[in-house]
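Open the model in your viewer and keep the sequence beside it. The tour goes stop by stop, with something to select at each one.

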Amino acid sequence: MSEPETTYDFYRYRQLLSEAVDESSRLRLIELLIREKARDRLEAQRMSDRVAMTAETVAKILGTSGRRGHVERG
């Protein structure tokens, strides 16, 4: 078996959930989610998105204020 992806695969899990029509297939899905640590990956992906959004916001703020604050004095 190959190494699982490091990101939360929403569409794959959603497809598997739609195919889980009986108790045994739902239990297999639950086991898969546990084995792939889906919740941990989802949280890590969310945190990464938050950090990226924060960095982008800070860059915009600093970029804007940096231009205003850099006035040449004569």
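**Stop 1: arginine 41**

Select arginine 41, which sits in helix α3, residues 38-69. Helices here are DSSP runs of H or I with at least four residues, strands are runs of E with at least two, and both are numbered from the N terminus. This is a predicted model: local features need pLDDT of at least 70, side-chain atom pairs count only at pLDDT 80 or more, and totals for chains, interfaces and linings use all residues. Residues are numbered from 1 along each chain as its sequence is written, and side-chain values use heavy atoms, with hydrogens and water left out.

Is arginine 41 buried or exposed? Arginine 41 counts as buried because its relative accessibility is 18%. Buried means under 20% relative accessible area, exposed over 50%, and partly exposed in between (1.4 Å probe, protein chains only).

Now show the backbone oxygen of glutamate 36. The side chain of arginine 41 reaches that oxygen at 3.1 Å.

**Stop 2: the whole chain**

Zoom out. The protein has 3 helices and 0 strands, in the order α-α-α along the sequence. Of its 74 residues, 11% are buried.

**Stop 3: α1 against α2**

Select helix α1 (residues 10-19) and helix α2 (residues 23-35). Their axes are 9 Å apart, at an angle of about 160°. Therefore α1 is roughly antiparallel to α2. Axes are lines fitted to C-alpha atoms, for helices over the stretch in contact, and angles run from 0 to 180 degrees between N-to-C directions. Under 35 degrees is roughly parallel, over 145 roughly antiparallel, 65 to 115 roughly perpendicular, and the rest oblique.

Show side chains next. On α1, pick Arg12, Tyr13, Leu16, Leu17 and Glu19; on α2, they meet Ser25, Leu29, Leu32 and Leu33. Contact means heavy atoms within 4.5 Å.

**Stop 4: serine 25**

Stay on helix α2 and centre on serine 25. Serine 25 is buried, at 10% relative accessible area. Beyond its neighbours within four places in sequence, serine 25 contacts Glu19 and Ala20. A polar atom of the serine 25 side chain lies 3.2 Å from the backbone nitrogen of valine 21.

**Stop 5: the core and alanine 38**

Which residues make up the largest nonpolar core? Select Tyr13, Ala20, Leu29, Leu32 and Ala38, 5 residues in all. Such a core is a set of buried Ala, Val, Leu, Ile, Met, Phe, Trp, Tyr and Cys residues joined through side-chain atoms within 4.5 Å.

Finish on alanine 38. Leaving aside neighbours within four places in sequence, alanine 38 touches Tyr8, Tyr13 and Leu33.

How values were computed. Polar contact = N/O pair within 3.5 Å; in protein donor to acceptor, adjacent residues only side chain to side chain.
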